[in-house]
Amino acid sequence: MPEFINLEDHGSAHDLADFSPIMIDDALIDSLGLPYPVTAEVRQALLAGSQRYLSLFDNRSLQPVTTYLEAETDPSEDLEIHNYTNICPTNVLEVTPSVGSCSIACQYCLVTDGNQCTQIAIFTNYTDKLRRSLEANRDKNTFYYFSPKTDAFSEPHLVSGLAHDILRTFIDHFEAYPDSRVRVFICSKAGLKQVEFAHRGDTILSLAGRLAGRAQWNGSIGIMPRYLRNILEPHAGTIEDRLEVMVRARDLGLVSDSVLCQPLILPFLTPENVEDYMSSLAKAGVINIKPEFLTADLANLALIAQYINYFDPTRLREFFVSYLMEENQTHLKQRSRLAPEKAICVEKLDLIRAATQRHGISISICNWVKKELTPEASWVGSIAQDTGSIANGYACLGYYTRLFGERAAAQ
């Protein structure tokens, strides 16, 4: 099997001094003194998640192996529509050139639910599928999202040249169809090492620059302290590098001033952390964010809790209190992924809103979040308009709708 080397490596749980997995069992849950009873079903799921983590830890399977498989996809199949909630107002198709784990190995991953030991397989003929889709949709205002289910510039995509070939496919499409209505939405945790990786003489950034006027480069940067980011995103670019990539993309003519602000892990949304984060973004020219609270199934909450307990056990109660109440078990964004309790989300979103206002940053928001939180606080329903996100041309995930023209942005 082909091999790759992680271009960034911030370490693993095995590198943490005196780290030992914990069991989130009845004794631990009861010791937290939560202000409500925790059901037997929730307790069982947390214990099972703890046992799964212990198995992954003992087998050194918290991160994927550095090999990947090569497979083929059916080029006649349509690309998947990106619409987790069935109320997304923007036409978006997913560009997902691999399956399995992602080499970035985010421990909170929305796709693998933290199980990063699944073998990575890339689709060597993926550009055939993409080319067919682009031709079929060239007369429609459609974003191609590269990539929601893996990082666009993970090492297997880079080493194989697949990421470069996908960008070349977009370039070829626009050269063949200068009036094509499709646009490219890139969202990545890539740092400078990833975007400067060359294939056949082209780097990711040099190719992306040839999509100026037709592409947007969004950073993906959550609010959390560096020590937690390093363990939860072990092979992502540093926050400084991710912001520098956005600056360079903007210099090349891409729209690159909005950030997917996720995950928001509640115990770390302190006024100080939020202020430092917004200040860093503003200095890098970011003018819009799309905040997203951590959603995770109970087993993955047990995984993330391992690191919160290690770095700051006093925050473990606050982490769990926002998820475990019985009434919150139906607050699901997709599949079995729990969102935090609504009143707490509103409180933290208000903290974020105040910080963005101080730094001239607008907030775009998912329609599902708007639907869920507006009954708790009416201002959430108009947050995009009130903070200037709509005026700035951003919608939903942070899609820059003005790439389709002023008329489309106003609709």
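How many strands form the open sheet in the order β1-β4-β3, and is the pairing parallel or mixed? The legend to view 1 has the reply. First, some ground rules: this is a predicted model, so local features need pLDDT of at least 70 and side-chain atom pairs count only at pLDDT 80 or more, while totals for chains, interfaces and linings use all residues. Residues are numbered from 1 along each chain as its sequence is written, and side-chain values use heavy atoms, with hydrogens and water left out.

**View 1. The open sheet β1-β4-β3.** Here 3 strands come together, and their pairing is mixed. Two strands pair if DSSP finds at least two bridges between them; strands (E, at least two residues) and helices (H or I, at least four) are DSSP runs, numbered from the N terminus. At the edges sit β1 (68-71) and β3 (98-99), each pairing on one side only. β1 runs parallel to β4 (residues 120-123), with 4 bridges joining them. To find your way, look for alanine 71, whose bridge partner in β4 is phenylalanine 123.

**View 2. The open sheet β2-β5-β6-β9-β10-β11-β14.** Inside the order, 2 bridges link β9 (residues 215-220) with β10 (residues 258-264). Glycine 219 has valine 259 in β10 as its bridge partner. Helix α5 (residues 162-176) packs on the sheet and touches β5 (142-146) and β6 (182-188), its direction making about 160 degrees with that of β6. Contact means heavy atoms within 4.5 Å; axes are lines fitted to C-alpha atoms, for helices over the stretch in contact, and angles run from 0 to 180 degrees between N-to-C directions.

**View 3. Helix α2 packing with helix α11.** α2 (residues 40-58) and α11 (residues 298-311) pack at about 60 degrees, with their axes 7 Å apart. That makes α2 oblique to α11 (under 35 degrees is roughly parallel, over 145 roughly antiparallel, 65 to 115 roughly perpendicular, and the rest oblique). Residues meeting here include Leu46 and Tyr53 in α2, and Leu303 and Tyr307 in α11.

**View 4. Residues 407-411, where pLDDT stays under 50.** pLDDT is the predictor's confidence in each residue, from 0 to 100. The protein chain has a mean of 95, and 97% of its residues reach 70 or more. For residues 407-411, the model has 4 contacts beyond four places in sequence. Where pLDDT is low, the predicted coordinates should not be read in detail.
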